[in-house]
Amino acid sequence: LPHVTATHATHPNSLAAGAIPSELGLVTELVTGGGKSWGTYFLTSNMLTSSAPTELGGLIKMTGFFSLRSNSLSAAIPTELGKLDQMSFAFGLSSNSLSSTIPTQLGQLDQMSSDFYLASNSLSSTIPTQ
């Protein structure tokens, strides 16, 4: 799946259920049918369970929104999400059942200008700054 052509790159409230396929981390670009590249990845308000796969750290071309908010994801936040260092707006993992500490690697998201959502989880540390 190195290149995916899609009419929609976002799927909020689509009621996707189960674990997030690790193969999604192999996607290098999401484009519309018209050839426009999307830097957006939304799977918000679904019924996703398990943990966020570490392979999502491979979505290094994501520049806009990344949101897995309002699901039933558990376990720790993958450190590999710190590789999404081109993200500039809206990183959301709030309203899940994530636990453990916030990985210091998320401090590498230094292009982030706004909206870093981790609320409503069971995290036990501060937001890293490195």
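In which strand is Leu48 found? Leu48 is found in strand β6, strands being DSSP runs of E with at least two residues and helices runs of H or I with at least four, numbered from the N terminus. The model is a predicted one, in which local features need pLDDT of at least 70 and side-chain atom pairs count only at pLDDT 80 or more, while totals for chains, interfaces and linings use all residues. Residues are numbered from 1 along each chain as its sequence is written, and side-chain values use heavy atoms, with hydrogens and water left out.

**The chain as a whole**

The secondary structure comes to zero helices and 12 strands. Of the 130 residues, 38% count as buried, where buried means under 20% relative accessible area, exposed over 50% and partly exposed in between, with a 1.4 Å probe and protein chains only. Among contacts (heavy atoms within 4.5 Å) between residues at least 6 apart in sequence, 71% join residues at least 24 apart.

Leu48 is buried, with a relative accessible area of 4%. Leaving aside residues up to four places away in sequence, Leu48 touches Ala16, Ala17, Gly18, Ile20, Leu43, Asn71, Ser72 and Leu73. The C-alpha atoms of Leu48 and Ser72 are separated by 5.6 Å, although these residues are 24 apart along the chain. Thr44 lies in the loop between β5 (41–42) and β6 (47–49), and at 8% relative accessibility Thr44 counts as buried. The side chains of Thr44 and Ser67 are joined by a polar contact of 2.9 Å; such a contact is a pair of N or O atoms within 3.5 Å, of which, within protein, one must be able to donate a hydrogen and the other to accept it, and residues adjacent in sequence count only if both atoms are side-chain atoms.

**Two parallel sheets**

Strands of a sheet pair through backbone hydrogen bonds, either parallel or antiparallel. Two strands are taken to pair if DSSP finds at least two bridges between them. Four strands form an open sheet in the order β5-β7-β9-β11, with parallel pairing. Because β5 and β11 (114–117) stand at the edges with a single partner strand each, one side of each is left without a neighbour in the sheet. Strand β9 (residues 89–92) and β11 pair over three bridges, and the bridge partner of Phe91 in β11 is Phe116.

Three strands form an open sheet in the order β8-β10-β12, again with parallel pairing. Its edge strands are β8 (74–75) and β12 (122–123), each pairing on one side only. Two bridges join β10 (residues 97–100) to β12, and Ser99 has Ser122 in β12 as its bridge partner.

**The aromatic cluster**

A search of the whole structure finds two aromatic pairs. Rings of Phe, Tyr and Trp (its six-membered ring) pair if their centres lie within 6.5 Å, and planes under 30 degrees apart count as stacked, over 60 as edge-to-face and the rest as tilted.

| Pair | Centre to centre | Angle between planes | Type |
|---|---|---|---|
| Phe66 and Phe91 | 5.4 Å | 20° | stacked |
| Phe91 and Phe116 | 5.1 Å | 10° | stacked |

Phe66 lies in strand β7 (residues 66–67) and Phe91 in strand β9, so their pair ties together parts that are 25 residues apart in sequence. Phe66 is buried, with a relative accessible area of 0%, and Phe91 is buried, with a relative accessible area of 0%, whereas Phe116 counts as partly exposed at 24% relative accessibility. Phe66, Phe91 and Phe116 form one aromatic cluster.
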